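Please keep the sequence and the model at hand while reading.

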Amino acid sequence: GGVLVLVEALTDNPRRTAPKVRHLFKEGGGALGAAGSAAWAFQRRGLLRVQGISSDNEALIEAALEAGAQDVEEDSAAHLEADDGPCAAVFCEPNELAAVRATLSARGFEASEAAILFVPSTTAEPAAGLREAAESALLALEEMEDVEGIWHNLAP
């Protein structure tokens with residue numbers, strides 16, 4: 001259905017993990033491509049989640065941009081889980097993540113999470129039957145103990 005998936009796995013036995021991943025893709029109506037074959041559709045970005053900011057986050061925006069961040073957005077998903085007030089997502093180049101975090105910390109903004117993400121450049125909306133199969137395969141991948149990260153372009 002046009003859904004591209006990146007899977008990051010950490011394993012002591014690639015002869016066990018690769019066939020399991022291949023099988024899950026096949027069950028989901030897809031196929032396991034060569035290493036890096038879907039990477040063209042994703043952009044690597046650094047992410048810092050900052051919780052407990054004031055409702056006026058101009059100071060955070062100013063500090064983040066001075067530190068080299070590319071963007072600051074309201075992070076409504078993290079806000080629902082946090083008791084510390086409004087949250088923000090600060091995006092930067094992956095190689096700038098540590099420097100941006102240090103600068104924000106020096107300015108009084110502590111990041112509750114730091115990660116490197118793969119953000120899709122486009123999204124895919126497969127037909128209903130294919131969507132269910134893709135969602136099922138993604139859930140099964142998440143449950144694998146060797147899988148560390150999953151990124152996809154399936155439309156929300």
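Helices (H or I, at least four residues) and strands (E, at least two) are DSSP runs, numbered from the N terminus. The model is a predicted one, in which local features need pLDDT of at least 70 and side-chain atom pairs count only at pLDDT 80 or more, while totals for chains, interfaces and linings use all residues. Residues are numbered from 1 along each chain as its sequence is written, and side-chain values use heavy atoms, with hydrogens and water left out.

The protein chain contains five helices and six strands, which follow the pattern β-α-β-α-β-α-β-α-β-α-β along the sequence. Its C-alpha trace spans about 50 × 35 × 30 Å along the principal axes.

The largest pocket involves strand 1 (5-9), helix 1 (14-27) and helix 5 (128-143), each of which supplies at least two residues of the lining. On a 1 Å grid over the protein atoms alone, a pocket is an open set of points where a 1.4 Å probe fits, with protein on both sides within 12 Å along at least five of seven lines; lining residues have an atom within 4 Å of a point. The space in this pocket is about 760 Å³, a volume being the space filled by probe spheres set on the points. Of its 36 lining residues, Val5, Phe25, Ala31, Leu32 and Gly33 are the closest to the centre. By class, the lining has 25 nonpolar, ten polar and one charged residues; Ala, Val, Leu, Ile, Met, Phe, Trp, Tyr, Cys and Pro count as nonpolar, Asp, Glu, Lys and Arg as charged, and the others, Gly among them, as polar.

Turning to the sheet, four strands form an open arrangement in the order 3-4-2-5, with antiparallel pairing; two strands pair if DSSP finds at least two bridges between them. Strand 3 (71-74) and strand 5 (111-120) each have a single partner strand, so one side of each is left without a neighbour in the sheet. Strand 2 (residues 42-51) and strand 4 (residues 87-92) pair over six bridges, and cysteine 92 in strand 4 is the bridge partner of glycine 46.

Phenylalanine 118 and tryptophan 151 form an edge-to-face pair, 4.9 Å centre to centre with 65 degrees between the planes. Rings of Phe, Tyr and Trp (its six-membered ring) pair if their centres lie within 6.5 Å, and planes over 60 degrees apart count as edge-to-face. Phenylalanine 118 lies in strand 5 and tryptophan 151 in strand 6 (residues 147-152), so the pair ties together parts that are 33 residues apart in sequence.

Key: Rings of Phe, Tyr and Trp (its six-membered ring) pair if their centres lie within 6.5 Å; planes under 30 degrees apart count as stacked, over 60 as edge-to-face and the rest as tilted.
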